[in-house]
Amino acid sequence: MSVVSISSVNKIFGKPGENQTIALKDIDLQIEQGEFISLIGPSGCGKSTLLRIIGDLISPTNGTVLVNGKPAPQARENREYGIVFQAPVLFDWRSVEKNVQLPLEIMGKSPHERTARANEMLELVELNGFQKHYPYQLSGGMQQRVSIARALSFNPPLLLMDEPFGALDEITRERLNAELLDIWSRTKTTIVFVTHSIPEAVFLSTRVVVMSARPGRITQIIPIDLPQPRSGETRESPRYYELITQVREGLRGGEGMKE
């Protein structure tokens, strides 16, 4: 059974009879357990819209979305995925530890369980020792790692990430890419990742899903056959550059599908 199964999904914004925007058209996608899938395409192509439909933050106009074999609304109620946005969305009045514990508080976990799990997650994202700090005391990259720790705190089988490193400088971004791959390899969580960066998509993914200009369609799915674990040497390999070129050409081909 696929972790995510998307069939004939369309999304139209606006009411009938008014100016409507077709954001997504005829989306079909199957995502298997343990995959790292990147969605890439031109600005406004519907990448984030598709991610939000998977996460039941918005509903498709028609079509079906199943997460672990369940309709997306039921999967959301069962807390079967975590979400990381471009902004860390941390609560300034809560310490790092308390921010990570928030989902566990909502789930009614005991104080002991919350503390143990928060410590485990902060160690996973290499922030052990920062439990009592507050978000304003952290760099942007550290804040985003807190956000990842919070999203993973309740051990979801699926992690949705919407351009989580888009606002960071290139050096920090590359370092967090490597850290995210390390987290992914250790947790075995399935990840769906939205990005505008071709090199980032190629470095991180097992498959890259290329989308066309609006209305967003899936024009190509490119398997990424770079060996694991990936490192700085991966970024220097000829195959890495070949795959970057393949994704870039896929994006250029999708431009001609705009309506």
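This is a predicted model: local features need pLDDT of at least 70, side-chain atom pairs count only at pLDDT 80 or more; totals for chains, interfaces and linings use all residues.
Colleague: Start with H4. How many residues has it, and what does it reach end to end?

Modeller: Helix H4 covers residues 111–124, which is 14 residues. From first C-alpha to last it reaches 20 Å, close to the 20 Å expected at 1.5 Å a residue.

Colleague: Which residues in H4 are buried?

Modeller: Arg 114, Arg 117, Ala 118, Met 121, Leu 122 and Leu 124. Viewed down the axis of H4, the buried residues fall within an arc of 150 degrees, so they line one face of the helix.

Colleague: Why would spacing like that put residues on one side?

Modeller: An α-helix has 3.6 residues a turn, so residues three or four places apart point the same way.

Colleague: And which exposed residues sit on the face turned away from the buried side of H4?

Modeller: His 112 and Glu 123.

Colleague: What do the buried residues of H4 pack against?

Modeller: Three helices: H3 (96–106), H5 (140–152) and H6 (170–187).

Colleague: What comes after H4?

Modeller: Glu 126 follows H4, and its phi is positive, near 60 degrees.

Colleague: Back to H3. At what angle does it pack on H4?

Modeller: About 120 degrees, with the axes of H3 and H4 9 Å apart. That angle makes H3 oblique to H4, since roughly perpendicular stops at 115 degrees. The crossing of H3 past H4 is right-handed.

Colleague: Which residues make that contact?

Modeller: From H3, Val 96, Glu 97, Val 100, Gln 101, Leu 104 and Glu 105. H4 contributes Arg 114, Thr 115, Arg 117, Ala 118, Asn 119, Met 121 and Leu 122.

Colleague: Buried or exposed?

Modeller: Asn 99 counts as buried, because its relative accessibility is 0%. Leaving out residues up to four places away in sequence, Asn 99 touches Leu 90, Phe 91, Arg 94, Pro 135, Val 146 and Arg 150. Val 146 and Arg 150 are among the buried residues of H5.

Colleague: Then H5. How many of its residues are buried?

Modeller: 12 of the 13, so H5 is largely enclosed by the rest of the structure. Among them are Gly 141, Gln 143, Arg 145, Ser 147 and Leu 152.

How values were computed
Residues are numbered from 1 along each chain as its sequence is written. Side-chain values use heavy atoms; hydrogens and water are left out. Helices (H or I, at least four residues) and strands (E, at least two) are DSSP runs, numbered from the N terminus. The expected span of a helix is 1.5 Å times one less than its number of residues. Buried means under 20% relative accessible area, exposed over 50%, partly exposed in between (1.4 Å probe, protein chains only). The arc is that of the directions from the helix axis to the C-beta atoms. Contact means heavy atoms within 4.5 Å. Axes are lines fitted to C-alpha atoms, for helices over the stretch in contact, and angles run from 0 to 180 degrees between N-to-C directions. Angles under 35 degrees count as roughly parallel, over 145 as roughly antiparallel, 65 to 115 as roughly perpendicular and the rest as oblique. A crossing is left-handed if the near helix is turned anticlockwise from the far one by less than a right angle, and right-handed if clockwise.
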